[in-house]
Amino acid sequence: MQRLALNSLAPVLFALVAAVAQDASGSGTCMGDCDLHPSLLERVTKDVAWLDEAGGITDAMIRNISLVCDAQIKHQCNVKVVRMMIKDGEIYLNSLHPDWRLGPPELIGFLLELYETSKMYRLPDLEFAYNGDDDASSPAFDWIDRSSLRVTFHGGPFPLLSWSKSNKSMAQLVPYSGAFRCTDDSFDNLLARLDEIRRLAWSEKRAVAFGRWNEFCAPYVYEMPALPSGETFVCPRRWLPTLSEQHGEAMDVGVIGETLRGQRVSAVPLMHQNAYKYLVSTDGWAISSKFDKYLLMGSAIIKAQSSRYGFYYDGLRPDEHYVAAMNTSREDILGVIDWLKSHDQEAERMALATQQFAVRHLHRNARLCYYQKLMKELGKRMKFTPDCSQRKLCLPLGRFLEYLSKKRETAHTCRYQEVFVRHGTGKGTPAYESFSDANIQELLVDAKYWPRDTDTPPLPNEPYFPGARRRLRRT
Ligand SMILES: *[C@@H]1O[C@H](CO)[C@@H](O)[C@H](O)[C@H]1NC(C)=O
Ligand SMILES: *[C@@H]1O[C@H](CO)[C@@H](O)[C@H](O)[C@H]1NC(C)=O
Ligand SMILES: *[C@@H]1O[C@H](CO)[C@@H](O)[C@H](O)[C@H]1NC(C)=O
C-alpha cells in the first residue's frame with residue numbers, strides 16, 4: 001500500500017524539484033549541475049586552442065567572415081556561415097539563411113538551444129559564426145597548415161560553431177541540437193520513453209546486426225586512408241549493404257528504398273530498432289544524425305570508421321561503448337559480429353554502458369551546459385567589445401525564433417513554445433519591436449542577402465565552394 005502511494009507521489013515530487021531547479025537556473029545562477037564529462041570539457045579546450053595562438057578573437061577576424069561570399073554571392077555561400085553576436089546577454093543574428101533554406105532542423109534546433117542556454121546562463125559578449133549546412137564542415141574552413149594557422153578560406157580562420165567536423169577543421173563542435181530536440185524521433189523524445197525502450201530484455205533481442213540509411217557517400221569518404229589490410233576504404237553506406245546481401249544470417253543492413261535479398265528495404269522507426277542486439281552506424285554527409293539515438297537503444301553499437309566526429313565522441317571508448325568496423329579490413333564487421341555473438345554477456349554490458357553514457361551526458365541540461373562552457377571559453381578570448389552599431393544587421397534571436405514559430409514552413413520544425421513559455425521572446429523590448437514580420441520576410445526572400453561588414457572588397461568569384469550538387473536530405 002505504502003509503496004503504491006509513494007510511487008504515485010513520485011511524479012509530483014519530481015515536478016516540484018524540477019520547478020525549483022528551473023527557478024534557480026532562470027535567475028542566471030548555475031545550479032552546480034553544469035558538470036561536464038571531462039572528455040567533453042577537453043573537447044572545448046582543444047577546439048578553442050588555436051584562438052590563443054591567433055591572439056584571440058579580433059574585430060578584423062570577425063569582419064573578415066563577410067569575405068566568405070564573393071561579389072556575386074554564389075554557391076549558397078550565405079548558407080555556409082550564419083554570423084551571430086552576443087551582447088549584454090542577448091543574442092543577435094548578423095546574417096541569415098535565405099528563405100528557401102529554412103525548414104530543416106539543423107539551424108533552427110541550434111538557434112533554439114542556444115537561445116535557451118542564454119536564458120539559463122549569462123553568456124559573455126561575443127561574435128562568431130555557425131555552419132548550419134547539412135555537411136556541417138566545409139573544406140573551405142579546413143587548415144592548410146595548422147602551425148601557421150592558414151585555412152583554405154582567404155579571410156583566415158574565425159570562430160565557427162559546427163555539429164560535425166574532422167581533425168582538419170578549424171571549427172568548434174556543438175551538439176546537433178536539431179536531432180537532439182526537434183524531430184519526432186529526437187534524442188529527447190526517446191530519452192523520455194526510456195522505460196519503454198528498456199522493457200525489451202536483452203535475451204529477447206535478435207542477434208543480428210541491423211542498419212538502415214539513405215545512401216549518402218560524401219567526398220570525404222574517398223579521402224580516408226587505406227585500411228591496415230591494404231584495401232582502399234570504400235563508402236560504408238554502399239559497402240555494408242553489399243556485404244549484408246551475402247551474409248543474411250548475421251546482417252540486416254540495407255539502403256532504404258533499395259532491395260536486399262529480393263525484398264524492398266523499408267525504413268524502421270528507431271523505437272523498434274531496439275529489437276536487435278547490434279546496431280550498425282555509418283556516417284553520411286556529416287556524422288550520423290541517428291548515432292546519438294542508437295546509444296539509447298540498449299543495443300551494442302557497431303560503428304563504421306569515419307574522419308567525422310561530434311562534440312561528445314571523445315567520451316566514448318572503443319570496445320567499451322561501441323565496436324569499430326571497417327577499421328582493419330572491409331569485411332572485419334563479420335568478425336565483430338561473430339565476437340559479439342560468442343561474447344553475449346560482454347555485448348550486453350557494452351549496450352548498457354553505452355545507454356548509461358547517453359542518459360548521463362547527453363540530456364538537454366548537459367547540452368546547455370556544454371554550450372555555456374564553450375561560450376565562456378570563447379568569451380575569454382574576445383579582444384574587442386562587439387556592438388550592433390558596428391554591424392549591418394542585428395536581429396534579436398528571440399524575435400527571429402518567434403517569426404519562425406509562425407511561418408508555415410518552419411512552424412513545426414521544433415517545439416518553440418516550450419522555450420518561449422518559460423523564457424519569453426523579448427517582445428516589448430525596443431530591439432524586438434524594431435523588426436516587423438514584414439521586415440524579416442523582406443530580408444529572407446532575397447536569396448543573395450549578405451550583409452557585408454568589411455571594407456575589404458570581395459573577390460570577383462567564389463573560389464571555395466563547389467557548384468550545385470545534391471540537395472537531398474541526409475539521415
Ligand atoms: C582578412 O582577410 C584578408 C584578405 O584575404 C587577409 O589578408 C587578412 O590577413 C585577414 N585578416 C585576418 C585577421 O584574418
Ligand atoms: C584526430 O586527432 C586525434 C589526436 O591527434 C587522434 O587521436 C584521432 O584519432 C584523430 N581522429 C580522427 C578521426 O582521425
Ligand atoms: C582500429 O584498429 C586499430 C588497429 O589497427 C586499433 O588500434 C584501434 O583501436 C581500432 N580502432 C577502434 C576505434 O577500435
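The legends below describe close-up views of a predicted model.

**View 1. Overall chain.** The chain has 475 residues, and its secondary structure comes to 18 helices and 15 strands. Its radius of gyration is 23 Å, which agrees with the value near 23 Å that a compact globule of 475 residues would have. Along the principal axes, the C-alpha atoms fill a box of roughly 65 × 65 × 40 Å. Of the residues, 42% count as buried. Among contacts between residues at least 6 apart in sequence, 73% join residues at least 24 apart.

**View 2. The largest nonpolar core.** This core has 113 residues. Met 84, Leu 111, Ala 129, Leu 160, Ala 209, Tyr 278 and Ile 302 have the most contacts inside it. Helix H5 (residues 105-120) gives the most to this core, with 8 residues. At least three core residues come from each of domain 1 (32-175 + 364-445) and domain 2 (193-361). In soluble globular proteins, nonpolar side chains tend to be buried together.

**View 3. Contacts of Leu 111.** Leu 111 is one of the residues with the most contacts inside the largest nonpolar core. Leaving aside residues up to four places away in sequence, Leu 111 touches Leu 397 and Leu 401.

View 4. The residues around ligand 1 are Ala 60, Met 61, Asn 64, Leu 67, His 154, Gly 155, Gly 156 and Thr 456. By class, this shell has 3 nonpolar and 5 polar residues, and no charged residues.

View 5. Around ligand 3 are Pro 228, Pro 318, Ala 324, Asn 327 and Thr 328. The shell comprises 3 nonpolar and 2 polar residues, with no charged residues.

**View 6. Gln 76, a residue with positive phi.** Most residues other than glycine have a negative phi. Gln 76 is not a glycine, yet has a positive phi of about 55°. Gln 76 is found in the loop between helix H3 (59-63) and helix H4 (77-80). Gln 76 counts as buried because 20 other C-beta atoms lie within 10 Å, and the cut-off for a buried residue is 20 or more.

**View 7. Arg 261, a residue with positive phi.** Arg 261, also not a glycine, has a positive phi of about 45°. Arg 261 lies in the loop between strand S10 (259-260) and strand S11 (263-264). With 11 C-beta neighbours inside 10 Å, Arg 261 counts as exposed, since the cut-off for an exposed residue is 12 or fewer.

Conventions
Residues numbered from 1 in each chain as written. Chains lettered and ligands numbered in written order. Predicted model: local features only at pLDDT ≥ 70, side-chain atom pairs only at ≥ 80, totals over all residues. Near = placed C-beta within 6 Å. Nonpolar A, V, L, I, M, F, W, Y, C, P; charged D, E, K, R; others polar. Helix = DSSP H or I, 4+ residues; strand = E, 2+ residues; numbered from the N terminus. Rg over C-alpha atoms; globule rule 2.2 N^0.38 Å. Contact = placed C-beta atoms within 7 Å. Core = buried A, V, L, I, M, F, W, Y, C linked by C-beta atoms within 7 Å. Domains from an automatic or database assignment.
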